[in-house]
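Dear colleague,

I am passing on a structure that I would like you to look over when you have time. My notes follow it.

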Amino acid sequence: MKLKTLTAMALVAAMGTTPAFADLVFPSLSYRTGPYAANGIPFADGYEDYFKLLNARDGGIGGEMAKVIECETGYNTEKGVECYESTKGEGALVYQPLSTGITYQLIPKSAADGIPLHTMGYGRTSAANGKIFNTVFNYPANYWNGASAVVNHLLDVNDGDIKGKTLALVYHNSAYGKEPIRTLEELSKKHGFELTLLPVDHPGQEQKSQWLQIRREKPDYVTMWGWGVMNATAIQEAANIRYPMENFIGIWWSGSENDVKPVGAKADGYKALNFHGVGDDYPIYDDLEKYVYSKGDATGAGDQKGTILYNRGMYAAMLAAEAVKEAQKIHDVSAITPQQMRDGMEALEMTEDRMEALGMPNFGPSFSVSCENHGGPGLVSVNQWDADAEEWKQITDFTESDMDVIGALVDEDSAAYAEENKVEEACS
Amino acid sequence: MIYREVGDFKTTYRADGQTFPIWFDRWRYYVVLAFAFCVVPFIINDYWAQAVLLPFLIYSIAAIGLNILTGYCGQVSLGTGGFMAVGAYACYKLMTSFPDLNIVFCVLLAGLITAMVGILFGLPSLRIKGFYLAVATLAAQFFLVWLFNKVAWFYNYSASGQINAPERTLFGYKITGAETSAPVTYLFCLALVVVLAVIARNLTRGHLGRSWMAIRDMDIAAEIIGVNPLKAKLTAFGISSFYIGIAGALLFAVYLGAVEVGEVFGILKSFLVLFMIIIGGLGSIFGCFAGAAFMVLLPVTLKNLLVGTLGWPTDIATHLEFSIVGLMIIVFLILEPHGLAQLWRIIKEKLRLWPFPH
């Protein structure tokens with residue numbers, strides 16, 4: 001009896017997920033649970049709210065309604081794969097898993113299924129080489145741009161000379177955290193600084209020994225590749241050992257409000273990289289208020305607007321929507337396929353005027369994508385936390401990173417991938 | 001009525017000692033096998049393979065492995081995740097070092113390497129028991145994960161520290177890599193599961209299995225009647241690790257394709273497999289399958305039901321999923337401490353008497 005009801009329930013459940021192809025489908029592989037939820041929630045809210053705005057204000061994109069299917073991954077790769085498999089049949093146009101681990105799983109699948117993958121500021125850095133990674137995009141910036149931007153910022157602060165200085169990298173001991181090491185090693189040879197590596201294991205609440213080492217060795221600068229609870233813990237530990245906050249620079253994933261607010265006034269001066277605007281002082285927020293928030297339609301609790309990661313989710317959705325428009329223009333159809341979406345992403349060009357027209361002036365760097373370069377120019381800004389005002393301040397413009405070093409590394413790493421997986425170079 | 005021994009006469013010792021003594025059971029078993037081999041490959045799609053069947057088959061192997069050690073030999077192990085990692089990394093090193101080596105041999109050799117590592121970490125079991133052994137195997141778990149993170153040789157010095165399965169074929173069909181098809185990977189895992197389960201079942205019925213069970217029930221008594229504890233415990237560790245290593249190799253090469261040791265083979269994996277055999281039933285091969293099916297299917301079913309059918313927010317559904325799985329584990333432990341296998345046994349007992357229970 002019990003077994004019968006269970007099987008019946010399973011059957012109903014299996015039937016309930018029959019595909020519907022009518023809309024433009026954007027799966028959101030989000031994580032609202034687990035140790036990374038504090039960072040996963042605002043991104044997912046921003047991502048979905050932007051599509052809600054497009055549906056309510058413009059009637060979708062090019063006349064087609066956008067549909068976001070949310071699937072909870074908990075930042076876990078196995079669940080991420082399950083989410084991919086369960087949503088790809090519904091006409092998914094582009095995947096943005098917001099996890100480097102899941103990205104590594106999805107790269108070969110995306111190539112096999114022809115569904116593009118947009119890993120904005122995360123994922124496999126060498127995917128910037130579009131000749132090899134045909135369906136993977138990581139514009140506008142990637143980890144190696146980030147690593148170089150940290151060093152460039154240090155060069156700025158030290159009038160161009162950091163010879164003999166010491167830099168400690170505190171990183172999440174995973175594919176994500178290990179990404180910048182190779183670039184930082186190259187840069188340390190080039191600029192003559194010393195690099196110390198301090199891995200922190202998942203989920204990152206236990207960092208006493210790492211910070212004890214920092215306290216003992218007193219590196220001039222500390223940079224961090226952290227995510228989830230690891231960020232706030234690290235900043236708290238830094239405050240505990242009275243490490244000067246202005247010498248502590250996080251990657252863009254370690255620079256949201258959720259990471260610094262728990263530390264309070266002691267987090268003042270902490271710096272983090274970014275590749276888009278901060279705050280809610282953009283015309284698009286008026287539209288969001290009018291069409292989404294005021295109708296009680298905001299995703300989640302609706303309390304995330306204007307935060308760094310909410311903005312980033314919105315930015316990711318905006319880039320996806322713009323790529324759809326490009327694809328619709330190229331192929332002259334409104335209901336595009338994932339393959340056409342890929343072409344749209346490859347033809348994407350973000351200019352100042354375009355962002356202004358969207359109500360997001362100066363929100364991100366202007367860049368263009370090409371068949372060879374899926375990574376954009378890698379323009380990165382530095383933000384600083386103001387604990388009194390409780391807000392992030394953008395203290396530099398979007399500046400270039402050291403593409404000589406990064407370009408060579410991208411070619412090397414993508415060539416290794418191509419050889420391992422027997423991928424032919426495209427774009428000739 | 002049809003499910004009983006009456007009238008099912010055995011005329012040879014061989015027939016008398018078979019696994020399924022009841023005619024109906026035997027045929028049910030063949031029908032299930034025929035269905036799994038001949039029907040499922042034609043109706044399977046990517047979602048069913050990736051979300052349900054592959055994890056079910058692979059975790060079944062891991063559960064059989066742990067059940068041999070914990071259920072049959074009574075040695076508690078919390079190092080399953082670490083041993084699975086050994087299997088995965090051994091498979092990866094074999095695949096990349098010997099590109100011409102067939103994937104079947106890679107998987108089997110990965111199992112053998114894990115068996116050796118398992119025997120090594122099983123040595124303390126000769127001196128310590130119970131909780132103390134559990135802690136020793138826990139140390140193996142953390143040490144192995146740390147090792148694969150620390151020593152770059154294991155992941156071929158890749159920048160990300162991840163291992164990626166290159167493409168390998170068997171009889172021209174792709175088994176690993178990106179462009180595999182669901183029926184092929186499913187059949188590959190199914191064939192391994194069937195062979196390994198049959199071997200495990202017969203091992204546990206034979207001399208070796210009886211010596212394990214003697215050690216489990218009372219090791220001093222077993223020693224007095226002539227069971228060599230060294231041999232029994234170390235074979236249990238070795239064979240158990242062989243199975244777990246194969247499960248780890250399949251999990252990496254066939255199911256996931258890319259693996260990061262800390263996340264995939266962490267302590268949670270050890271607990272997951274342990275829950276499987278506890279819920280399924282200690283000391284039962286059927287229990288391994290039942291437990292694996294329970295732990296793999298329940299979250300997926302709940303998710304489809306709550307999010308897919310009822311349209312609930314994903315975070316509430318996930319939290320509820322955790323609570324329900326946890327609650328089910330507690331309920332099972334209280335109401336049926338011997339697991340699903342015991343439930344199955346009771347059903348069979350009742351069926352033999354049905355419809356005349358008195």
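Two residues are counted as being in contact if their C-beta atoms, placed from the backbone, lie within 7 Å. With that cut-off, and bearing in mind that this is a predicted model, 75% of the contacts in chain B between residues at least 6 apart in sequence join residues at least 24 apart.

On the overall form of chain B, a compact globule with 358 residues would have a radius of gyration near 21 Å, and because chain B has 21 Å, the two agree. Its C-alpha atoms fill a box of roughly 70 × 55 × 45 Å along the principal axes, and buried residues account for 49% of the 358 residues. The secondary structure of chain B consists of 15 helices and four strands.

One helix pair in chain B may interest you: the axes of α13 (residues 285-309) and α15 (residues 339-353) come within 7 Å and cross at roughly 115 degrees, and the crossing is right-handed. On the α13(B) side the contact is made by F286(B), G287(B), A290(B), G291(B) and F294(B), and on the α15(B) side by G339(B), L340(B), A341(B) and W344(B); these residues divide into six nonpolar, three polar and no charged.

As for the contact between the chains, chain A gives 39 residues and chain B gives 31 residues. Among the elements of chain A that each supply at least two residues to the side touching chain B are α1 (2-16), β2 (66-72) and α15 (403-421), while the largest share, seven residues, comes from α4(A). That side of chain A comprises twelve nonpolar, 14 polar and 13 charged residues.

With best wishes

Note on methods. Residues numbered from 1 in each chain as written. Chains lettered and ligands numbered in written order. Predicted model: local features only at pLDDT ≥ 70, side-chain atom pairs only at ≥ 80, totals over all residues. Nonpolar A, V, L, I, M, F, W, Y, C, P; charged D, E, K, R; others polar. Axes fitted to C-alpha atoms, helices over the stretch in contact; angles between N-to-C directions. Left-handed = near helix turned anticlockwise from the far one by under 90°. Rg over C-alpha atoms; globule rule 2.2 N^0.38 Å. Buried ≥ 20, exposed ≤ 12 C-beta atoms within 10 Å, placed from the backbone.
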